[in-house]
Amino acid sequence: MDPIAAIRHFNHGREPERLQLKYQRMRADPFAFFRGSCHLFYAQLPPGLPAAPLAWACGDLHLENFGSYKGDTRLVYFDLNDFDEAALAPASWDLLRFLASLRLGLSSLGLAAGDAEPLSEGFLSAYAAALAEGKAYWIETETAQGLIADLLGRLAGRKRAAHLNSRSSGEGLQRRLKLDGKKVLPVTEAQRADVQALMQQFAKTQAKPAFFELLDVARRVAGTGSLGLTRYVLLVAGKGGPDGQYLLDLKQAMPSALHALSPATQPAWGDEAQRVVALQRRLQAVPVAFLHPLLFKQQAFVLRALQPTEDRVSLHAAQLKTGELAMLVANLGQLLAWAQLRSAGRQGSATADALIEFGQARPQWQPALLKAAADCAEQALRDAEQFNQAYDQGAFSHA
């Protein structure tokens with residue numbers, strides 16, 4: 001496979017300004033490249049993967065696709081939080097992508113490559129034990145430790161006024177978004193009018209239409225893989241008053257990179273947003289607030305509460321205490337197992353009994369999976385090197 005041609009083909013038609021930013025981020029380091037090229041990962045899966053039951057998969061499981069958020073209960077949770085690529089797949093595929101991301105992410109943590117093996121084994125051990133138990137739990141605020149406790153505590157303690165003031169100015173219905181030219185970009189008048197019409201139509205379907213009165217809209221820059229897709233941050237009236245406004249995220253939904261590998265096993269979704277929303281509701285212990293599929297200008301979009309990037313796991317060596325990374329990785333393994341159990345037996349996914357049996361059989365499939373993850377990481381490094389060379393030679397300057 002020619003990775004350069006595949007990347008250009010996959011990203012064709014995306015908004016040039018934010019697509020250039022995506023390529024810049026992918027050039028930064030192999031882990032960023034990995035996050036921005038999920039389609040390459042699945043197009044080059046190594047042969048001989050161990051057999052695994054079908055499960056509902058996040059599809060793009062990596063170190064930074066976990067985070068804290070407020071659910072539709074308005075309580076704080078920590079869970080998987082990106083479902084753009086979610087699909088039905090062998091239970092091992094999420095494991096494989098996560099393990100490869102762990103190997104690629106260690107260099108950004110200032111850790112040695114040799115640390116990958118014990119961390120990978122700890123992840124698989126925690127995943128298999130949680131799966132074998134057969135009960136889907138979630139991480140409680142009161143019992144969370146380390147980095148997860150920090151994220152949950154920070155979100156639980158965040159004041160609405162401070163949160164709004166960091167991203168908007170003014171008060172009440174006079175609030176407007178702050179445009180910083182980096183994460184928040186201006187819209188055209190036509191774009192503003194289109195989003196205004198969408199939200200007016202959506203509000204009519206809700207119990208409290210005035211809550212969704214649009215005060216302002218801007219283009220949003222967030223993530224890596226989805227950069228270049230149409231995405232907005234919305235400021236809505238919310239509960240009114242000086243600090244009662246809410247920030248929402250409106251993001252274009254595209255087909256999953258996993259779909260082409262097993263199209264016959266996938267359910268017939270109404271559109272891609274319905275797939276993303278249905279599987280996010282199915283896999284998360286409690287779904288993120290305001291989660292809805294919308295049809296906008298004949299394209300599928302997902303509406304949800306805005307999740308600031310600072311609420312996601314962000315791995316920097318300075319943040320990590322002794323043993324904290326191992327604890328975090330083990331927790332992430334548990335979260336994946338619980339998500340698979342929570343969604344077991346739905347629309348073609350394996351039953352909980354089959355998943356339990358898979359967890360109990362870890363000694364049989366772990367060595368092959370660890371070897372495959374190492375191979376995937378090496379392939380990603382080779383692809384990243386080719387991409388870097390092409391990028392430096394200007395191959396993506398007019399993409």
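The sections below treat the basis of the model, the overall fold and the nonpolar cores.

## Basis

This is a predicted model, in which local features need pLDDT of at least 70, side-chain atom pairs count only at pLDDT 80 or more, and totals for chains, interfaces and linings use all residues. Residues are numbered from 1 along each chain as its sequence is written, and side-chain values use heavy atoms, with hydrogens and water left out.

## Overall fold

The protein contains 13 helices and 12 strands (DSSP runs, helices being H or I of at least four residues and strands E of at least two, numbered from the N terminus). Its radius of gyration, 21 Å, is close to the 21 Å that the globule rule gives for 399 residues, so the protein is as compact as a globular protein of that length (taken over C-alpha atoms; the rule is 2.2 Å times the number of residues to the power 0.38). The C-alpha trace spans about 60 × 50 × 45 Å along its principal axes.

Of the 399 residues, 54% count as buried (under 20% relative accessible area, with a 1.4 Å probe and protein chains only).

## Nonpolar cores

In soluble globular proteins, nonpolar side chains tend to be buried together. Here the largest nonpolar core has 108 residues, of which F78, Y127, M199 and L234 touch the most other members (a core is a set of buried Ala, Val, Leu, Ile, Met, Phe, Trp, Tyr and Cys residues joined through side-chain atoms within 4.5 Å). Helix α11, residues 324–342, gives the most to this core, with 10 residues. Apart from this core lies another, of 12 residues, including I7 and A390.

Leaving aside neighbours within four places in sequence, F78 has contacts that include F66, I148, V313 and L335 (heavy atoms within 4.5 Å).

Note on methods. Buried means under 20% relative accessible area, exposed over 50%, partly exposed in between (1.4 Å probe, protein chains only).
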